[in-house]
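Take a look at the model below. We'll then go through what each label rests on.

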Amino acid sequence: MKSISLIQFLIEERRAGRMNAELSLLIEVVARACKRIAVATNKGAIGGVLGEAGTGNIQGEAQKKLDVISNEILLEANAWGGQLAACASEEMEDPQPIPDMYPKGHHLLLFDPLDGSSNIDVNISVGTIFSVLRCPDGVTEPKAEHFLQEGTTQLAAGYVVYGPATVLVLTFGHGTHEFTLDREVGSFILSRRDIRIPEETAEFAINMSNQRHWEAPMQRYIGELLAGKDGPRAKDFNMRWVASMVADVHRIITRGGVFFYPLDAKIKSKGGKLRLMYEANPMAFIVEQAGGAATTGRGRILDLQPTGLHQRVPVFLGSKKEVEVATHYHVEADAAV
């Protein structure tokens, strides 16, 4: 069967009327930037990219050298092409305007340049997550408030996993598709079209070290999974936890499963652990387009009205039936109060 490159796929999408030329070119630019990040990641220790950068991001987290490098690669790649009005990064407090010397487009780009960066130094998969929005009409100098759009308004979302293979997963609201980087020719090649996540699963991903801090409905749900075939769920479950969201979500995209980062006592004041605009919204869009579900434990992620560029939320996503059970337990507990 003839291989289909990312560029060919995007042209087909344009001809089908599912995107315009500007969005198509924007995705090409982001994919090209991610290939550069993949090269830097693959060099590891001999590339001088490991270890701390000696700086902190807007969340107060210590930055790795590769965090800073990845952020710069994405900013530089997207500055001059004419597809963007502005972009925003998890690593920066405010949106980055397009320099006046370059033409501006009609799109807004949000990205987490290197998700799971705590795993860099131990050679575990990390990745890039991104989301594309339309810049509101008449806005020529986008500010933070112009990015605060519900997840349902996303035009595209994707992530790249830098693992044994470099894999790009994309959605434009018409299914979820996977592309694998062919290093010999330097192109992303379509490897799976219209991915479907199984509705049922026996595999879950969660940070069990936080168990003592969870709310009662989360304790109940995970307790039932751990009870296995002798418990109320009547089947054995396996737990997986990479501590790199892109890797955990890609496993779900590949073979099913559920990923949870629930609210707990340690992070309750922040609203959650994961960022709505840079992680939760794009991943929710991708998962829903593959037949899965994504909630905060109380409601659909994509229906949330953002209140801040770096807002955090709880995340439950993956195989539909398990997400529904866990969400039901939280809603039921709230109603009983």
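Q: Which residue in strand 8 is the bridge partner of Ala 157?
A: Thr 171 is the bridge partner of Ala 157. This is a predicted model in which local features need pLDDT of at least 70 and side-chain atom pairs count only at pLDDT 80 or more, while totals for chains, interfaces and linings use all residues. Residues are numbered from 1 along each chain as its sequence is written, and side-chain values use heavy atoms, with hydrogens and water left out.

Q: What makes strand 7 and strand 8 a pair?
A: Two strands pair if DSSP finds at least two bridges between them. Strand 7 (residues 156-162) and strand 8 (residues 166-171) have six, in the antiparallel sense, so they qualify. Strands (E, at least two residues) and helices (H or I, at least four) are DSSP runs, numbered from the N terminus.

Q: Why do strand 4 and strand 10 count as standing at the edges?
A: The open sheet has eight strands in the order 4-3-5-6-7-8-9-10, with mixed pairing. Strand 4 (96-97) and strand 10 (187-192) each have a single partner strand, so one side of each has no neighbour in the sheet. Helix 3 packs on this sheet, touching strand 3, strand 4, strand 5 and strand 6, and its direction makes about 160° with that of strand 5.

Q: How do you know that Leu 66 is buried?
A: Buried means under 20% relative accessible area, with exposed over 50% and partly exposed in between (1.4 Å probe, protein chains only). Leu 66 has 0% relative accessibility, so it counts as buried. Leu 66 lies in helix 3 (residues 65-79).

Q: What makes helix 7 mostly covered?
A: Of its 14 residues, 12 are buried, including Leu 276, Tyr 278, Asn 281 and Phe 285. Just after helix 7, Gly 291 takes a positive phi of about 90°.

Q: Why is helix 6 called roughly parallel to helix 7?
A: Helix 6 (residues 245-255) and helix 7 pack at an angle of about 10°, their axes 11 Å apart. That angle makes helix 6 roughly parallel to helix 7, since angles under 35 degrees count as roughly parallel, over 145 as roughly antiparallel, 65 to 115 as roughly perpendicular and the rest as oblique. Axes are lines fitted to C-alpha atoms (for helices, over the stretch in contact), and angles run from 0 to 180 degrees between N-to-C directions.

Q: Which residues make that contact?
A: Met 245, Val 246, Val 249 and Ile 253 of helix 6 meet Glu 279, Met 283, Ile 286 and Val 287 of helix 7. Contact here means heavy atoms within 4.5 Å.

Q: Which residues have the most contacts inside the largest nonpolar core?
A: Tyr 159, Met 245, Phe 259, Met 283, Val 315 and Leu 317 do, in a core of 43 residues. Its largest share, nine residues, comes from helix 7 (residues 276-289). A nonpolar core is a set of buried Ala, Val, Leu, Ile, Met, Phe, Trp, Tyr and Cys residues joined through side-chain atoms within 4.5 Å.

Q: What makes strand 12 and strand 15 edge strands?
A: The open sheet of five strands runs 12-11-13-17-15. Strand 12 (238-239) and strand 15 (293-295) each pair on one side only. Strand 15 is joined to strand 17 (residues 315-318) by three bridges, running antiparallel, and Ala 294 has Leu 317 in strand 17 as its bridge partner.
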